[in-house]
Amino acid sequence: MAQYQVNAPMLAIFDQFEAKRVSVTNPVGAVLRDSTQPTTTLLGLVGVYWEGRHYSVSFRDLLKKTQCVRSA
């Protein structure tokens with residue numbers, strides 16, 4: 001499973017309970033890992049986990065604002 005360390009603040013959508021979604025910023029230093037739950041990932045975005053919570057992020061941001069620290 002791939003892991004990515006955030007190098008610049010990155011916008012994300014946090015999937016809260018009852019289908020409520022909140023825009024948040026993943027901070028520098030956060031380590032994101034690939035999501036295995038595509039059903040909760042918003043269309044056109046990539047699913048990742050941070051601190052046990054699921055987020056949807058832009059693939060472009062994932063490439064530009066993170067560094068791969070571990071790959072599967």
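Of the 72 residues in the chain, 32% count as buried. The model is a predicted one. The chain holds 1 helix and 7 strands. Three aromatic residues, Phe14, Trp50 and Tyr55, are linked into a cluster by ring pairs.

**Fold and dimensions**

- Read from the N terminus, the elements run β-β-β-β-β-β-α-β.
- The radius of gyration is 11 Å, close to the 11 Å that the globule rule gives for 72 residues, so the chain is as compact as a globular protein of that length.
- Along the principal axes, the C-alpha atoms fill a box of roughly 30 × 25 × 20 Å.
- Take the contacts between residues at least 6 apart in sequence: 50% of them join residues at least 24 apart.

**Aromatic cluster**

- How many aromatic pairs does a search of the whole structure find? The search finds 2.
- One of them joins Phe14 and Tyr55, with 5.3 Å centre to centre and 35° between the planes. This pair is tilted.
- What does this pair tie together? Phe14 belongs to strand 2 (residues 10-15) and Tyr55 to strand 6 (residues 53-57), so the pair ties together parts that are 41 residues apart in sequence.
- Trp50 also pairs with Tyr55. Here the ring centres are 6.1 Å apart and the planes make an angle of 45°, which is again a tilted arrangement.
- Tyr55 takes part in the pair with Phe14 and in the pair with Trp50.

**Burial of the cluster residues**

- Is Tyr55 buried or exposed? Tyr55 has 4% relative accessibility, and buried means under 20%, so Tyr55 counts as buried.
- Phe14 has a relative accessible area of 16% and is buried.
- Trp50 is buried too, with a relative accessible area of 16%.

**Surface and charge**

- The accessible surface of the chain comes to about 4700 Å². Carbon and sulfur atoms account for 53% of that surface.
- The chain carries 8 positive and 5 negative side chains.
- How far apart do the centres of the two sets of charged side chains lie? The centres of the positive and negative sets lie 5 Å apart.

How values were computed. Residues numbered from 1 in each chain as written. Predicted model: local features only at pLDDT ≥ 70, side-chain atom pairs only at ≥ 80, totals over all residues. Heavy atoms only, no water. Phe/Tyr/Trp six-rings, centres within 6.5 Å; stacked < 30°, edge-to-face > 60°. Helix = DSSP H or I, 4+ residues; strand = E, 2+ residues; numbered from the N terminus. Buried < 20%, exposed > 50% of the residue type's maximum accessible area, 1.4 Å probe, protein only. Rg over C-alpha atoms; globule rule 2.2 N^0.38 Å. Contact = heavy atoms within 4.5 Å. Areas by Shrake-Rupley, 256 points an atom, 1.4 Å probe, with all protein chains shown as cover. Lys, Arg positive; Asp, Glu negative; His and termini not counted. Charge placed at Lys NZ, Arg CZ, Asp CG, Glu CD.
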